[in-house]
Amino acid sequence: MQRLQDELQSAKDQGRLSHPVTWKESRDLPFLDACVKEAGRLHPPFGLQYERIVPDEGAKICGHYLKGSTIVGINPWVSHRDRATFGQDAEAWKPGRWLCDEATRRRMEHGLLTVGCWNAVSFSPLQLSDVGQFGAGHRSCIGKNISYLEVYKLVPTMLQLYDVSLPSRNASWMEYNEA
Ligand code: HEM
């Protein structure tokens, strides 16, 4: 949190932050971007399989042939913790992991939800801006862009107004999904 507040303060001191923060200004806040991505990775809002139906001709997915009409899906709470993609510390909150070289960042972005499987069955390639909480391919969220706009503007604007902290750093969170 301190690092994010420092980034915002520095941008403000340099006259790069309005109130409310504009979308354009928010695109120049790399640590904010890293925090949004890491939050979406560790806490995807839907802990459900994003289901897809294999086309009639069948498909080879992750080395396995599946016949047409098979329902496939991946739960992002599982795929977003894939150590081969995100490293041995995949369980940890580490926004700094996104401030890496472009090839690694792209590989991780692609690993959010998809783990590289969707392309194998010719679903649309994941956009670079995609983060797993909005799904991927043809049925991805149509509200994604408006939601990003809200998050990237609201969070830095709110953090300029309030000092936010947890009541206890040792308290654990209880998370659950209801359908
Ligand atoms: C933070 C906010 C939001 C989150 C996390 C979210 C997440 C999702 C997810 C995970 C899916 C399923 C994607 C898939 O199966 O690959 C979805 C689908 C969808 N979302 Fe959102 N969504 C959000 C906001 C919105 C908003 C604001 C709208 C409308 C303006 C919206 C409209 C839709 C629609 C219509 C679909 C179904 C698309 C389809 O099946 O073709 N969502 N959303």
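Helices are DSSP runs of H or I of at least four residues, numbered from the N terminus. In this predicted model, W93 is found in the loop between two such helices, α5 (83-86) and α6 (102-111).

**Surroundings of W93**

With 12 other C-beta atoms within 10 Å, W93 is exposed, because a residue counts as exposed at 12 or fewer. Leaving aside residues up to four places away in sequence, W93 touches E38 and L42. The C-alpha atoms of W93 and E38 are 6.9 Å apart in space, while the two residues are 55 apart in sequence.

**Overall fold**

The chain holds seven helices and four strands. Their order along the sequence is α-α-α-β-β-β-β-α-α-α-α. The chain has 179 residues, of which 23% count as buried. Among contacts between residues at least 6 apart in sequence, 58% join residues at least 24 apart.

**Nonpolar core**

The largest nonpolar core has seven residues: L29, L32, A34, C35, V36, Y152 and V155. Two or more residues of this core come from each of α3 (30-42) and α7 (144-161). Helix α3 gives the largest share, four residues. One of the core residues, C35, also touches L4 and P95, when residues up to four places away in sequence are not counted.

**Packing of α1 and α7**

Helix α1 (residues 2-13) packs against α7 at an angle of about 90°, and the two axes are 10 Å apart. Helix α1 is therefore roughly perpendicular to α7; angles of 65 to 115 degrees count as such. On the α1 side the contact is made by L4, Q5 and L8, and on the α7 side by P156, L159 and Q160. By class, these contact residues are four nonpolar and two polar, with no charged residue.

**Ligand shell**

The ligand is surrounded by 14 residues, and the closest are Y50, G135, C141, G143 and S147. The shell consists of eight nonpolar, five polar and one charged residues.

The class make-up of the two sets of residues is set out below.

Methods:
Residues numbered from 1 in each chain as written. Predicted model: local features only at pLDDT ≥ 70, side-chain atom pairs only at ≥ 80, totals over all residues. Buried ≥ 20, exposed ≤ 12 C-beta atoms within 10 Å, placed from the backbone. Contact = placed C-beta atoms within 7 Å. Near = placed C-beta within 6 Å. Nonpolar A, V, L, I, M, F, W, Y, C, P; charged D, E, K, R; others polar. Core = buried A, V, L, I, M, F, W, Y, C linked by C-beta atoms within 7 Å. Axes fitted to C-alpha atoms, helices over the stretch in contact; angles between N-to-C directions. Parallel < 35°, antiparallel > 145°, perpendicular 65-115°, else oblique.
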